[in-house]
Amino acid sequence: MKPYTTMINTETGFLERAQNHLERKLSSMKGQYLDTETYEVLLKNEDSLVYEVYENIEMPKKPGELYHGSSIVHPGKVGAEYFMTKGHFHQVLETAEVYYCLHGNGYMMMETPEGEWAAEELTLGIVLYVPPCWAHRSINVGGSDLVTFFVYPGDAGHDYGTIEVKGFRKLLVEKGGKPTVIDNPRWVGK
Ligand code: F6R
Ligand code: ZN
């Protein structure tokens with residue numbers, strides 16, 4: 001690899017030189033939202049775009065490399081629950097990640113296998129450190145796109161299965177017009 005520069009549009013999250021552009025629609029979020037009835041109704045009406053990721057993936061997946069890209073969570077809700085990413089642990093659990101918020105308003109919901117959890121606010125200029133072993137999910141609580149830039153180790157990999165099966169311990173829902181953390185009644189685990 002040669003050194004390179006690239007450009008991010010801080011409003012749209014578009015990353016030049018990205019080899020990967022992922023679009024996640026409502027249909028790929030099955031089982032993740034608490035209000036399953038509303039989820040089905042919304043899905044029947046339209047398979048909305050929930051979030052997108054642009055990523056540079058040309059470097060080898062090995063320690064020493066730094067994968068990086070942008071994540072764009074669009075505004076919206078399923079019932080009282082905000083549009084969000086699927087969320088994951090890293091496959092190599094002991095790998096961290098840094099996020100830098102470029103646009104919008106949201107939260108990062110995080111938890112460890114041992115049961116610790118944290119919800120950190122994301123607004124323009126916020127740098128968030130996700131320590132090793134913490135699962136993470138971005139949530140858009142605003143009326144415009146939530147755009148973040150992220151960097152993580154090349155060997156980290158992604159474990160989506162654990163969250164798909166167990167869910168996050170905590171959810172972020174709108175209550176009285178405000179983002180509110182609640183226990184996930186469907187959380188499966190010990
Ligand atoms: C990479 C990372 C982000 C997310 C992106 C989409 O380790 O945390 O690039 O991949 O925000 O979220 P997921 O991967 O949970 O669908
Ligand atoms: Zn990650």
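Guide: A salt bridge here is a side-chain nitrogen of Lys or Arg within 4 Å of a carboxyl oxygen of Asp or Glu. The model is predicted, so to speak a calculated picture: local features need pLDDT of at least 70, side-chain atom pairs pLDDT 80 or more, while totals for chains, interfaces and linings use all residues. Residues are numbered from 1 along each chain as written, chains are lettered from A and ligands numbered from 1 in written order, and side-chain values use heavy atoms, without hydrogens or water.

Visitor: Which residue forms a salt bridge with R17?

Guide: Searching the whole structure turns up six salt bridges. In one with R17, the closest N and O atoms are 3.1 Å apart. R17's partner there is E58.

Visitor: How many residues apart are R17 and E58?

Guide: R17 sits in the segment before strand 1 (20–25), strands being DSSP runs of E with at least two residues. E58 belongs to the loop between strand 2 and strand 3 (66–73). So the pair links distant parts of the chain, and the gap is 41 residues.

Visitor: Which strands each supply at least two residues of the shell around ligand 1?

Guide: That shell (residues with a heavy atom within 4 Å) has 15 residues. Y51, E97, Y99, H158 and Y160 come nearest. Each giving at least two shell residues are strand 2 (49–56), strand 7 and strand 12 (146–153).

Visitor: Which residue has a side-chain N or O atom 3.1 Å from an oxygen atom of ligand 1?

Guide: Look at the polar contacts, pairs of N or O atoms within 3.5 Å. G87 uses a backbone N or O atom, 2.8 Å from a ligand 1 oxygen, and H158 puts a polar side-chain atom 2.8 Å from one. The side chain at 3.1 Å belongs to H90.

Visitor: What share of ligand 1's exposed area does the protein bury?

Guide: Areas come from the Shrake-Rupley method with a 1.4 Å probe. Taken alone, ligand 1 exposes 390 Å². The protein's share of that, buried, is 96%.

Definitions and conventions. Polar contact = N/O pair within 3.5 Å; in protein donor to acceptor, adjacent residues only side chain to side chain. Helix = DSSP H or I, 4+ residues; strand = E, 2+ residues; numbered from the N terminus.
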